[in-house]
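We will go stop by stop.

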Amino acid sequence: MRAAERIHVVVFSFLVVLAWLRLLPPRRRLKVTAIGIAALAVTLFSAYELPLLLAPLPVSVIRDWLPASLVLLVYWQAGEFFAGPNQPFQDRLERLDEHIAGPLLRWVARRRARTWIAAALELAYVLCYPMIPMSMGTLYVLRAARNADYFWTVVLIATYSSYCLLPFLQSLPPRMFKEPWLTPLPHNPIRALNLYLLRHASIHANTFPSAHVAASAAAALVILPLAPWPIGALFAAIATGIAFGTFAGRYHYAADSITGVAVALLVFLAKAAVSGLPR
């Protein structure tokens, strides 16, 4: 088994077991279990049975890309544990934002270019969705697909550190309630798109750390030593934009973004210490 496949076995099993240990409504418990069993079956099939049915190249490609779909299943599994905000925890995040995000957002709101800045931050945030497929595609273009498992190990551990904390640290995204200290940025069509996607595809709960930021930062860190500097700089810029866009648009708290970057960096450094940098 690849490292990414072992990670999925552990995470899906953990969430299934947790669903039966926690006081979840029966429907939610069964949903978590069904998703987990299905995902485990797909993971084990791709690791052990698929190589017996197909040639090595298509098997390798399928196993390279399969984690991109399984990430969504972990997200939906984790979302079933959300019961309501832990108010003291949420209040703490909000107080931190008043001091961290507040001055920055007020400064942006006073600029003449605030409309353009707001649109750029919203565009950066929407890039969190294609960021991971773009990164994997870049590995293929760079003829570095041999590092796919390295890539997924860093991205998955960083991302799942967020999802697996959701059952224990629960809060609502700040966009869902009024913040008296906030000077909102101008509305624009890209924000409307982001809000539409969140209404129809989100679990409507906040993840701490931000999984979008952690995954994007992790992907950029893996790409950096493999790509020519302009490509590496582009991915670093996108990841930075996502980190700022998440809290500027109030999709996450500033603490979510900061800890997301920190988790990605720690996971990348730990992996590099064990296996060396990707080549």
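Is the crossing of H7 and H9 right-handed or left-handed? Keep that in mind while you make the selection. This is a predicted model.

**Stop 1: H7 and H9**

Select H7 and H9. They pack at an angle of about 160 degrees, and their axes are 8 Å apart. Because of that angle, H7 is roughly antiparallel to H9; the cut-off for that label is over 145 degrees. Now for the opening question: the crossing is right-handed.

Show the side chains at the contact. H7 supplies Tyr150, Phe151, Val154, Val155, Ala158, Thr159, Ser162 and Tyr163. H9 supplies Ala211, Ala214, Ala215, Ala218, Ala219 and Val222.

**Stop 2: the largest core**

Stay with Phe151 and select what touches it. Leave out residues up to four places away in sequence, and you find Ile132, Ser135, Met136, Leu139, Ala219 and Val222.

Phe151 also belongs to the largest nonpolar core, which has 65 residues. Phe151, Trp152, Val155, Tyr160 and Tyr163 have the most contacts inside this core. Colour the helices that give two or more residues to it: H1 (3-21), H2 (26-53), H3 (56-79), H6 (128-141), H7 (148-163), H9 (211-223), H10 (229-248) and H11 (254-275). Which helix gives the largest share? It is H9, with 11 residues.

There is a second, separate core of 11 residues. Select Ala101, Leu105, Ala248 and Ala254, which are among its members.

**Stop 3: the kink in H4**

Select H4, residues 87-110. Where does this helix kink? The kink lies at Ala101, shortly before Pro103, and is about 45 degrees.

Next, show the buried residues of H4. They are Phe89, Gln90, Leu93, Glu94, Asp97, Ala101, Gly102, Leu105, Val108 and Ala109. These residues pack against H5 (114-126), H10 and H11.

**Stop 4**

Pick Gln90, which lies in H4. Is it buried or exposed? Gln90 has a relative accessible area of 7%. Buried means under 20%, so Gln90 counts as buried.

Gln90 and Ser171 are 81 residues apart along the chain. Their C-alpha atoms, however, are separated by 5.4 Å. Gln90 touches Pro85, Ser171, Leu172, Phe177 and Tyr253, not counting residues up to four places away in sequence.

Move on to Leu172. This residue is in the loop between H7 and H8. Leu172 counts as partly exposed, at 23% relative accessibility. Set aside neighbours within four places in sequence, and Leu172 is in contact with Phe82, Pro85, Gln90, Phe177, His204, Asn206 and Tyr253.

**Stop 5: H3 and H6**

Select H3 and H6. Their axes come within 10 Å and cross at roughly 150 degrees. That angle is why H3 is roughly antiparallel to H6. The crossing is right-handed.

Which residues make the contact? From H3, take Val61, Asp64 and Trp65. From H6, take Pro133, Met136, Gly137 and Tyr140.

**Stop 6: two arginines in loops**

Go to the loop between H6 and H7 and pick Arg143. Arg143 is not a glycine, although its phi is positive, at about 60 degrees. Then find Arg250, in the loop between H10 and H11. Phi of Arg250 is also positive, near 65 degrees, and Arg250 is a residue other than glycine.

Which is buried and which is exposed? Arg143 is exposed, with a relative accessible area of 74%. Arg250 is buried, with a relative accessible area of 4%.

**Last stop: a cis peptide bond**

Finish in the loop between H8 (189-201) and H9, where Pro209 lies. Select Phe208 as well. What kind of peptide bond joins Phe208 and Pro209? The bond is cis, with omega about -5 degrees.

Technical notes
Residues numbered from 1 in each chain as written. Predicted model: local features only at pLDDT ≥ 70, side-chain atom pairs only at ≥ 80, totals over all residues. Heavy atoms only, no water. Core = buried A, V, L, I, M, F, W, Y, C linked by side-chain atoms within 4.5 Å. Buried < 20%, exposed > 50% of the residue type's maximum accessible area, 1.4 Å probe, protein only. Helix = DSSP H or I, 4+ residues; strand = E, 2+ residues; numbered from the N terminus. Contact = heavy atoms within 4.5 Å. Bend = angle between axes of the 7 residues up to and from the residue. Axes fitted to C-alpha atoms, helices over the stretch in contact; angles between N-to-C directions. Parallel < 35°, antiparallel > 145°, perpendicular 65-115°, else oblique. Left-handed = near helix turned anticlockwise from the far one by under 90°.
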